[in-house]
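Good morning, and thank you for coming. I would like to walk you through one protein, from its overall dimensions down to a few individual residues.

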Amino acid sequence: MTKTNLARTLREPAELVAADLATATALPALERVAARYAVAITPPLVELIDSSDPDDPIARQFVPSAAELEMHPGENADPIGDHPHSPVPGIVHRYPDRVLFKLVHVCAVYCRFCFRREMVGPGKENALSDGAYRAAIDYIRSHREIWEVILTGGDPLMLSPRRMSEIMADLAAIDHVKIIRLHTRVPVADPARISDEMVAALKVDGATTWVAVHANHARELTDTARAACARLVDAGIPMVSQSVLLRGVNDNVAALSDLMRAFVECRIKPYYLHHGDLAPGTAHLRTTLAHGQELMRELRGRVSGLCQPDYVIDIPGGAGKSPVGPNYVLAEQNTAGIARDAATETRYRIIDYCGDVHLYPPEA
């Protein structure tokens, strides 16, 4: 198998070796990783990987690593606390006016830093049952404070246009639901799925559709990915971005500048730059908050205001997102210089949107 004739998603470590994305000596460790966490790399992303570069930023996001077998203090199978805020299966109701609606637990591609990595992929429940889906819709209908429904998972755009059309119609029929937002990797990972039929399915009377696309490096926004995004925007569907600050991928101001400019060129407003969550086996990809803050200071003076995302952290345990600029974070101890390695992380007091104070990283 070579990259030039690849026509299907790579899912097995042996396929990664055959495609020159991993070495044969690494195969035993990668098989142990794949036994616990899902692996999938779509042909468009495989084509982007420079297999001659051991530090390729695309490979670092999607090719499994033996480092994922290493667990670190504070890491948690539910790092942002979905479960405590799930009143019925499929629903996370953390903030008063919006809910997450987790329709499916499969993705086109599996990111090695995924905060739901213990919940998605083969061997997990693929989608809500009909009964669970109806119970989730009933929950949304019965809570009139819910103004926005965020479709997530997994990736909701793994569903067919027919099914997406049904879901969108069910939500738009609830009079207090005014915004339906989809969180997706599909325009980047499998842009062909953004067909005319899918775009039509996402447009409904009675609610406004937004799409948040996830990309972490400017190279992911290929011509085909840009065309997929353009089909959405040209249809009147506004788009925002989500990215994760990742060590070795975008943790320098040049890479972040290129990424945010690429979003804006695609008519996608930079929205969130997430600090890496404390998901199991992801320490090798996390930076420190101090390094992220320094990058945001550099970005502020380097690129247009259109290119400025909010740098946020999901507070472990389920307290929600907080901006992590200097007005929101107080260091409990000082360190010399800017630490980049998670192993030398400073402990912080973080104020959530309710004014409560939390330690990060949490005490072991």
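This is a predicted model: local features need pLDDT of at least 70, side-chain atom pairs count only at pLDDT 80 or more; totals for chains, interfaces and linings use all residues.

Residues are numbered from 1 along each chain as its sequence is written, and side-chain values use heavy atoms, with hydrogens and water left out.

First, the whole protein. Its secondary structure amounts to 11 helices and 12 strands; helices (H or I, at least four residues) and strands (E, at least two) are DSSP runs, numbered from the N terminus. The C-alpha atoms fill a box of roughly 55 × 55 × 40 Å along the principal axes. Of the 364 residues, 55% count as buried, where buried means under 20% relative accessible area, exposed over 50%, and partly exposed in between, with a 1.4 Å probe and protein chains only. Among contacts (heavy atoms within 4.5 Å) between residues at least 6 apart in sequence, 75% join residues at least 24 apart.

Now the sheet. Nine strands form an open sheet in the order S1-S2-S3-S4-S5-S6-S7-S8-S9, with mixed pairing; two strands pair if DSSP finds at least two bridges between them. Its edges are S1 (91-95) and S9 (320-323), each of which pairs on one side only. From one strand to the next, the twist averages 30°; axes are lines fitted to C-alpha atoms, for helices over the stretch in contact, and angles run from 0 to 180 degrees between N-to-C directions.

Which strand is the partner of S7 through three parallel bridges? That strand is S8, and within this pair His274 has Val312 as its bridge partner. Val312 also stands opposite Pro323 in S9. S8 and S9 run antiparallel, joined by four bridges, and in their hairpin, with four residues between the strands, Gly317 takes a positive phi near 105°. Five of the six residues of S8 are buried. Helix H11 lies across S7 and S8, running at about 160° to S8.

Next, helix H10, residues 253-265. Its 13 residues reach 18 Å from first C-alpha to last, close to the 18 Å expected at 1.5 Å a residue; the expected span is 1.5 Å times one less than the number of residues. Just after the helix, Arg267 takes a positive phi of about 65°. The buried residues of H10 include Leu256, Leu259, Met260 and Phe263. An α-helix has 3.6 residues a turn, so residues three or four places apart point the same way. The cover over the buried residues of H10 includes S5, H9, S6, S7 and H11.

Beyond its neighbours within four places in sequence, His284 is in contact with Arg60, Ser65, Ala67, Glu68 and Arg247.
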